[in-house]
Amino acid sequence: MNERWWRPWVGPALTVVLPPGLFVVLTFMRPDLMRPMLDHVFGYTLVGTVSVLTLLGGTLVGVSSLGTLESKGLRLAAGLVGFVACTLPALFLVLFGPIVFTFLYGTVP
């Protein structure tokens, strides 16, 4: 048996585990920042969307890296779509973060 059987699983596992883990750590470290977000439907929608994109991306990256798809083109497409799904939350934060901050507080940082 290959001694490094676990290597293809590391990327997908980190992709799936890190965002919820970061949410839990931030909730315990700064509950004053996380609690107001979960007081509104928008906060739950945001957390749900990030969770779905992370799980979808992790699954697609896992399928791509484990080689369960026979076609190289399908593996490449699954990897690219998974990467995009994993990076969309961060991209949305960069694109829309300043706008949301302005609407919430009425000033630009």
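The structure is a predicted model, in which local features require pLDDT of at least 70 and side-chain atom pairs count only at pLDDT 80 or more, whereas totals for chains, interfaces and linings use all residues. Residues are numbered from 1 along each chain as its sequence is written, and side-chain values use heavy atoms, with hydrogens and water left out.

**Overall composition**

The protein chain contains 4 helices and 0 strands, and its elements follow the order α-α-α-α from the N terminus. Helices here are DSSP runs of H or I with at least four residues, strands are runs of E with at least two, and both are numbered from the N terminus. Of the 109 residues in the protein chain, 13% are buried. Buried denotes under 20% relative accessible area, exposed over 50%, and partly exposed the range in between, with a 1.4 Å probe and protein chains only. The chain exposes about 8,400 Å², of which carbon and sulfur atoms supply 76%. These areas come from the Shrake-Rupley method with a 1.4 Å probe; for residues, only the protein chains shown count as cover. Among contacts (heavy atoms within 4.5 Å) between residues at least 6 apart in sequence, 48% join residues at least 24 apart.

**Helix 3 and its partners**

Helix 3 spans residues 41-66 and has 26 residues; the distance from its first C-alpha to its last is 37 Å, close to the 38 Å expected at 1.5 Å a residue. The expected span is 1.5 Å times one less than the number of residues. Buried positions in helix 3 are Gly-43, Leu-53, Thr-54, Gly-57, Gly-58, Gly-62 and Ser-64. After the helix comes Gly-67, with a positive phi near 70°.

Leu-60 also belongs to helix 3, and it counts as partly exposed because its relative accessibility is 21%. Beyond its neighbours within four places in sequence, Leu-60 contacts Ala-78, Gly-79, Val-81 and Gly-82. Ala-78 lies in helix 4 and is buried, because its relative accessible area is 8%. Not counting residues up to four places away in sequence, Ala-78 touches Leu-60, Val-61, Ser-64 and Leu-69. Val-50, another residue placed in helix 3, counts as partly exposed because its relative accessibility is 26%.

| Residue pair | Separation in sequence | C-alpha distance |
|---|---|---|
| Leu-60 and Ala-78 | 18 residues | 5.3 Å |
| Ala-78 and Gly-62 | 16 residues | 8.9 Å |
| Val-50 and Pro-20 | 30 residues | 9.4 Å |

**The nonpolar patch**

A nonpolar surface patch is formed by Leu-91, Phe-92, Leu-95, Phe-96, Ile-99 and Phe-103, which together have about 620 Å² of accessible area. Patches consist of residues with over 30% relative accessible area and no salt bridge; like charges are joined within 9 Å, and nonpolar side chains (Val, Leu, Ile, Met, Phe, Trp, Tyr) within 5 Å. A salt bridge is a side-chain nitrogen of Lys or Arg within 4 Å of a carboxyl oxygen of Asp or Glu. Phe-103 lies in helix 4, residues 72-105, and counts as exposed because its relative accessibility is 69%. An α-helix has 3.6 residues a turn, so residues three or four places apart point the same way.
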